[in-house]
Structures are given as C-alpha cells and as structure tokens.
Amino acid sequence: MHHDHLFCPLRLGQLHLNNRIVMPPMTRSRASQPGDVANAMMATYYAQRAGAGLIISEGTQIDPMGKGYAWTPGIHSAEQVAGWKQVTDAVHAKGGTMFAQLWHVGRVTHPDNLGGAQPISSSAIQAKGVKVFVDNGSDAPGFVETVTPRAMTQADIDQVVGQFRQAARNAMLAGFDGIELHAANGYLINQFLDSESNTRTDGYGGSLENRLRFLKEVTEAVCSEIGADRVGVRLAPLTTLNGTVDANPQETYLAAARLLGRLDVVYLHVAEADWDDAPLMAESFKQGLRDAFPNTLIYAGKYDGERARAALEAGWADMIGFGRPFVANPDLPERLRHGYPLAPHDPATLFGGGEKGLTDYPTYQAIAQPHTA
C-alpha cells in the first residue's frame, strides 16, 4: 500500500501522536458569559475533532487584560479551569491530544473588553485600522477600532511573564497535554518581536537580541513551570496581521527559531500568511527554519492534502495544520485519508452563536450512509 506521510505516527516529547494532522487554534467566541468559561458545547466541538494528531485550543486569555475579543475563553479563574477540564476530558475520552494556546493580545483590544482599562503593549503605538469585537453590556455587540495602548513598564512585563507562568500551570490543572504560546498574528509577544511595533529604548527594544527578550522570558517561565517538552510556540514570520511588521523578517525569525531551539521547546508552529495576495514564504526560508530549529515543526496556512503531503515529504515540516477545513469537517483526518470531498463552512457562524455552525456539521459517513443502506 502507498506510504502516506500524513498518517505516520509521531513522538512529541513524551506524547505519541497517531498522525501528522493538527487542528490549529481558531477563535469561535462561544465561551459562557459572564466569566468567559469554556463549556459543554465547546467540549462536544473539540471531541468531534479528536481524530487530529494534535488539537490546539482557540486562543485563551491568561488574564482579563489579555482579552481582545468578546466571548473568548480565559484560563485565569478556577471556573475557567473547570470549564476547560470538561473539554480535555471529552477529547481524551476519544483518544485525542490537546494543547492550550495561551495568549495576551496586548494592544489588539479596546477598553470595552478590559473593564474600561487602557490596553498595554511593547510601545504606545496604536494598531491603526484594526477592529476588535466588543460587548460592553449596554450597546449592541459589534466591531470597534483599537485605541492607543500604554507602553509596558518593567513591573508590567514582570507581571505578564508571571501570568503566562500561572496560565501554564492552570492548563495542566485543566488536563491539557501541553501549551502553545501565541507569539504570532500581531498579539503581545509579536508586538515586542517586530521592529515596527517596538520602539522601546530599554533592554526590550532596539537590537534584535533585545526584541527577542520578552519571548525568551515568557518561554523560560512556562518551560520552568511545566517542562519544555510540553511547550510549543507559534510564530508568524510574514504576516502583517493586526499591524505588526518587521523590517527584516528572515533575520528576526531565524534568530527566534534558534533561541527556541536552545530553550528546547517541543515544537515551533509557523503560521503562513494565508490571505489571497499574501507574500509566499520561500522554500529557502522554510529550510532555514528547519536548520535553526531541531524539534518538531508545524506549518499552517491554506494546506490541502496534496500540499501537506508534499511539505512532509520535502522534510521542512513534521506536521501540518488545517484550519478552516476542520470547521465543517469534524472527520477531516478520515476525509484526507480516503480522498473524500470536503464540506464548505458557513462564514456567518464562525464567531459567536450556539451549536449551529459549531457542532452540527456531519461526518462524511453520516451523509453517505443513507445511500449505502
């Protein structure tokens, strides 16, 4: 039988994964209110997709100040930890493996999501033109433009590093198999990394080494808390999402990959720019990351079965994330294995709402069954 790279088992730290398919983090904004608590509906959604080799949860805020969008889940209260425990229990019951993606959005938010507080960031630079979803309890929920954040003090930085550490500990209490640090897509860690969003003149700005310092301190904190073999990091070298741009992304992100390799995190998750006219990530850049980082490399961004298998065969990727296809195809691994057609998702039900567009997409077998009876 033809050897299928997508379905080769993989060892990830101490974990044994059944295949190379990753369900990457996707914000769905369905946490219970008040309190931003993961719920039974979310448990059903993730458990339906437990056939993935690895599930990475939607972005989960480490603190109320790290919240960028209404109705996203947190992992900083006891109630939130209990909510996530029912999710991980459901995934494990189906034989799945799940990491929690820990995020702090920094400037990509609005005071309406922060109880009126001013957002924090590496520097006092607004993410111009960027809109976030808010629900302030009085007006109708909707999108508003971000505001100018205040630059973080040393005390702020120390506090947020501690919040990441505590969130990693909470993730273990909630039954996750590991955590992923969200250092991509223009959120807080990315705001320190990229040259155009960081104008600091202290030890966290200016030189490349300084811009990497916040990433280094956060990663060291979570690794010391739960072990490097349970920590992954997501980077987005070429995306300009939420206004973060780097003057020399190849230099910056190869240096970040080498740093994370030295810290021995279990995987590096590379989010490729995936909008229609996005810059393509050169194969030489991907090979550079492979040379810089010794552990598991995950890529995500508009992959289909054919492109995924080619990436695994080329050797610069070890696992592939399929984002949008997982929304409408809970049985995506089986569809990829057999070449079954993929169902399209309904964009109107991606964010917010209830079961519709979350847990009601059928498997291919459920659709095909009436015709085979």
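**Stop one: a helix pair**

Select helix α1 (residues 40–48) and helix α2 (residues 78–93): their axes come within 8 Å and cross at roughly 25°. Before going on, some housekeeping: this is a predicted model, where local features need pLDDT of at least 70 and side-chain atom pairs count only at pLDDT 80 or more, while totals for chains, interfaces and linings use all residues. Residues are numbered from 1 along each chain as its sequence is written, and side-chain values use heavy atoms, with hydrogens and water left out.

Helices (H or I, at least four residues) and strands (E, at least two) are DSSP runs, numbered from the N terminus. Axes are lines fitted to C-alpha atoms, for helices over the stretch in contact, with angles from 0 to 180 degrees between N-to-C directions. α1 and α2 are therefore roughly parallel to each other (angles under 35 degrees). Now show side chains: Ala40, Met42, Ala43, Tyr46 and Ala47 in α1 meet Trp84, Gln86, Val87, Ala90 and Val91 in α2, contact meaning heavy atoms within 4.5 Å. By class, that contact has 9 nonpolar, 1 polar and no charged residues (Ala, Val, Leu, Ile, Met, Phe, Trp, Tyr, Cys and Pro count as nonpolar, Asp, Glu, Lys and Arg as charged, and the others, Gly among them, as polar).

**Stop two: a covered strand**

Jump to strand β14 (residues 296–300), where 5 of 5 residues are buried (under 20% relative accessible area; exposed is over 50%, partly exposed in between, with a 1.4 Å probe and protein chains only). In a regular strand the side chains alternate between the two faces of the sheet. Look for Thr296, Ile298 and Ala300 pointing one way from β14, with Leu297 and Tyr299 pointing the other way.

**Stop three: loops**

Which way does Ser197 fall, buried or exposed? Ser197 is buried, at a relative accessible area of 0%, in the loop between α4 (188–193) and α5 (208–211). Its contacts include Arg107, Asn190 and Thr244.

Next, check the backbone of Gln33 and Pro34: a cis peptide bond joins them, with omega about -5°. Pro34 lies in the loop between β3 (21–23) and α1.

Asn185 has phi near 55° and counts as buried at 13% relative accessibility. Lys302 has phi of about 60° and, at 48%, counts as partly exposed.

Key: Parallel < 35°, antiparallel > 145°, perpendicular 65-115°, else oblique. Lists of a residue's contacts leave out its neighbours within four places in sequence.
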